[in-house]
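Biologist: Hi! Could you walk me through this one while I have it open on my screen?
Modeller: Happy to, let me bring it up.

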Amino acid sequence: MIYGYARASTFGPPLAAQLNAFAFCDVVRQEAAPGETAVLDIVVEGLQAGDVLAVTRLDRIGRSVVGLIGFVRALQERGVGLKVLDAGIDTTTTQGGLFLDAVTVFADLERDLVQEQANSEIQAASVGGGQNWKAAGIDGRQVECNSTAAGRRHVAHKRGSPFGR
């Protein structure tokens, strides 16, 4: 069976447009509130080998590339296919499986690069007792904080600086 899943979105396609795209589906389920996934969880729980989950866009089923890859791998392990209408992805075909494998490789590469960068920054910061601010281009009134999950660098000012509180 082919199950269509539509989720309301603040910025994406309207729910009615998503529902119209699922005319080929045997069953269509919808999530009324943006950000909710309770219906998706129920649909996924009921999927069996040979079933296909159809969505209009990848962001309907995940918020990050790593999360999407994990979700799709879990479906594949159960013998469930995935169709993403706007991207033309269909994991039940050879081409769709190949595309998904390529995306997986890039997601793994991105994760490794972020981890390597985080490790090198931690190592650089540990030189000089962990306060190697001059090497990092930071004066003594600033503190650098790295968010390894997002791969972003943030600088916060210490108290006593013009921007501190």
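Biologist: In which sense do strand S1 and S2 pair, and over how many bridges?
Modeller: This is a predicted model, and in it S1 (residues 2-7) pairs with S2 in the parallel sense, over five bridges.

Biologist: Nice. What stands opposite glycine 4 in S2?
Modeller: That would be valine 28.

Biologist: And which helix packs on the sheet there, touching S1 and S2?
Modeller: Helix H2, residues 38-46. H2 also touches strand S3 (52-55), and its direction makes about 150 degrees with that of S2.

Biologist: What's the strand order in the sheet?
Modeller: The order is S2-S1-S3-S4-S5, an open sheet of five strands with mixed pairing.

Biologist: Why is one side of S2 and of S5 left without a neighbour?
Modeller: S2 (27-31) and S5 (89-90) stand at the edges and each has a single partner strand, so one side of each has no neighbour in the sheet.

Biologist: Switching to the core: which residues touch the most other members of the largest nonpolar one?
Modeller: Leu47, Leu53, Phe71, Leu75 and Leu82, out of 21 residues in that core.

Biologist: Which element gives the most to this core?
Modeller: H3, with five residues. Helix H3 spans 65-77, and other elements giving two or more residues include strand S4 (81-84) and helix H4 (94-126).

Biologist: What does phenylalanine 71 touch?
Modeller: Leaving out residues up to four places away in sequence, phenylalanine 71 touches Leu40, Val44, Leu53 and Ile61.

Biologist: And what lies apart from that core?
Modeller: Another core, of six residues, including Ile2, Ala6, Cys25 and Ala54.

How values were computed
Residues are numbered from 1 along each chain as its sequence is written. This is a predicted model: local features need pLDDT of at least 70, side-chain atom pairs count only at pLDDT 80 or more; totals for chains, interfaces and linings use all residues. Side-chain values use heavy atoms; hydrogens and water are left out. Two strands pair if DSSP finds at least two bridges between them. Helices (H or I, at least four residues) and strands (E, at least two) are DSSP runs, numbered from the N terminus. Contact means heavy atoms within 4.5 Å. Axes are lines fitted to C-alpha atoms, for helices over the stretch in contact, and angles run from 0 to 180 degrees between N-to-C directions. A nonpolar core is a set of buried Ala, Val, Leu, Ile, Met, Phe, Trp, Tyr and Cys residues joined through side-chain atoms within 4.5 Å. Buried means under 20% relative accessible area, exposed over 50%, partly exposed in between (1.4 Å probe, protein chains only).
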